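Thank you all for coming. I would like to walk you through one chain, going from its overall build to a few single residues.

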Amino acid sequence: MATKEYNHAVGRRKETSAVVKLFPKGKGNFTVKTSSGKEISLKEYFWGNTYLYENAIAPLVTLWKDYLKEFDAEITIRWGWISGQSDAIKLGFARALIDWNTDFRTTLKPYGFLKRDPRIKERKKPGLKKARKAPTWSKR
């Protein structure tokens, strides 16, 4: 059996990590592999939330709207929640597209699609209840 050629990239945001495998000469099928092993479409994965879906595919739409129909994608997501997952997928798509064609870098860079958002959860400090929340102070 012949294996399909693809470009892959990893996108991260908060606690989320998304591996995007981009298959050229596709039909626009974006599937997500869940942790339980099921495969569902990207649109169904975001529970009909169009903002998160459009955010995830923004690099493809920015280049050219017809690129949605020219690629297939297989996405594996680990950890996080849907807003972070959407941003991780967006970064994965942008990096995979640049791996496929380096000329896309000049188009995607001004939109900020290649920048990883470095904000992560702050660690809990000793003596505090959470990262910054201190116990109630009493004078006596």
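This is a predicted model: local features need pLDDT of at least 70, side-chain atom pairs count only at pLDDT 80 or more; totals for chains, interfaces and linings use all residues.

Let me begin with a definition: the helices (H or I, at least four residues) and strands (E, at least two) that I name are DSSP runs, numbered from the N terminus. Residues are numbered from 1 along each chain as its sequence is written, and side-chain values use heavy atoms, with hydrogens and water left out.

Now the overall build. The chain holds five helices and five strands, and reading along the sequence gives the pattern β-β-β-β-α-α-α-β-α-α. Its radius of gyration, taken over C-alpha atoms, is 19 Å, well over the 14 Å that the globule rule (2.2 Å times the number of residues to the power 0.38) gives for 140 residues, so the chain is more spread out than a compact globule. The C-alpha trace spans about 75 × 35 × 30 Å along its principal axes.

Next, the inside. Of the 140 residues, 36% are buried, where buried means under 20% relative accessible area, exposed over 50%, and partly exposed in between, with a 1.4 Å probe and protein chains only. A nonpolar core is a set of buried Ala, Val, Leu, Ile, Met, Phe, Trp, Tyr and Cys residues joined through side-chain atoms within 4.5 Å, and in the largest one, which has 34 residues, those touching the most other members are Phe30, Leu42, Phe46, Ile75, Ile89 and Phe93. Among the elements that give two or more residues to this core are strand E3 (30-33), helix H1 (42-45) and strand E5 (71-78), but helix H4 gives the most, with eight residues.

What does Leu42 touch, leaving aside residues up to four places away in sequence? Taking contact as heavy atoms within 4.5 Å, Leu42 touches Phe30, Val32, Tyr53, Ala56, Ile57, Ile75, Ile89 and Phe93.

Lys25, by contrast, counts as exposed, because its relative accessibility is 82%.
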